[in-house]
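Subject: Structure handover

Hello,

Here is the structure I promised to pass on. Please open it first, then read my notes below.

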Amino acid sequence: MNLKLVRFGWVLPVLLAGGIALFTPLSVWAHCDTLDGPVVKDAKAALEKGDVTATLKWVRKEDEGQIREAFQKTLAVRAKGPEARELADMYFFETLVRIHRAGEGAPFTGLKPAGAVEPVVAEADRALDSGSADSLAKAVSKAVTDGIDARFALASEKRKHADHNVEAGREYVEAYVQFVHYVERLHADAVGPAGHHGAAEEPAPAHEHH
């Protein structure tokens, strides 16, 4: 098979559908709980404007009341001075992110510092801000291409020696399974439903490879 012929026919759709989950640790999908993430950005803008509306899209309808109440408390405390303002803002950020995460069935372990997001996730946010996914597509396509090439090369090399002895055969099987499972996960993400970045999704059915 000529990998170059098939890469860009399915790699990019896989990545965009799967949320690039294969190239970064699962924890990065919690970037909504970082201080420079989209939830906190909207919270900051809302506090400066004195209007909670921009934050409500991040929570379920039934949780709006909690956010409105926390927002009003925050506005009242902010007026007491710089130190009180800083503490009040953090209280609102944490409340909003915690309720947002809970509504998606995801854990909240506190706000992470700015810059805690993997570069590819930051690039995804920049793509939305700019209105173009070109740079994101290039970055992610390269990651997938490199991932396929590395696993293919290893499995291909091990296959040449697979019948030399049992140990060599086992090394081939290990490389083969890693290669096939990697491609299998890509395909599963491509055809599966899109999930929230913090919520666990049902794993794709495992297939045996002999």
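Which residues of H7 are buried? They are Leu136, Ala137, Val140, Ser141, Val144, Thr145, Gly147, Ile148 and Ala155. The helix itself covers residues 134-160, 27 residues in total. From first C-alpha to last, H7 reaches 39 Å, close to the 39 Å expected at 1.5 Å a residue.

Keep in mind that this is a predicted model. The average pLDDT over the chain is 79, and 76% of the residues score at least 70. Confidence is highest in helix H4 (residues 64-78), with a mean of 97. It is lowest in helix H1 (residues 3-18), with a mean of 43. Across residues 1-29 the pLDDT is below 50, yet the model gives this stretch 51 contacts beyond near neighbours in sequence. Residues 197-210 also stay under 50. There the model has 22 contacts beyond four places in sequence. Where pLDDT is low, the predicted coordinates should not be read in detail.

Now the rings. The structure holds 3 aromatic pairs. One of them joins Phe71 and Phe92, edge-to-face. Their centres are 5.4 Å apart, with 65° between the planes. Phe71 lies in helix H4 and Phe92 in helix H5 (residues 82-103), so the pair ties together parts that are 21 residues apart in sequence. Phe71 counts as buried, at 1% relative accessibility. Phe92 counts as buried too, at 0%.

One last item is a charge over a ring. The charged end of Arg151 sits over the ring of Tyr182, 3.8 Å from its centre.

Best wishes

Notes. Residues are numbered from 1 along each chain as its sequence is written. This is a predicted model: local features need pLDDT of at least 70, side-chain atom pairs count only at pLDDT 80 or more; totals for chains, interfaces and linings use all residues. Side-chain values use heavy atoms; hydrogens and water are left out. Helices (H or I, at least four residues) and strands (E, at least two) are DSSP runs, numbered from the N terminus. The expected span of a helix is 1.5 Å times one less than its number of residues. Buried means under 20% relative accessible area, exposed over 50%, partly exposed in between (1.4 Å probe, protein chains only). pLDDT is the predictor's confidence in each residue, from 0 to 100. Contact means heavy atoms within 4.5 Å. Rings of Phe, Tyr and Trp (its six-membered ring) pair if their centres lie within 6.5 Å; planes under 30 degrees apart count as stacked, over 60 as edge-to-face and the rest as tilted. A charge sits over a ring if NZ of Lys or CZ of Arg is within 6 Å of the ring centre and within 35 degrees of the ring normal.
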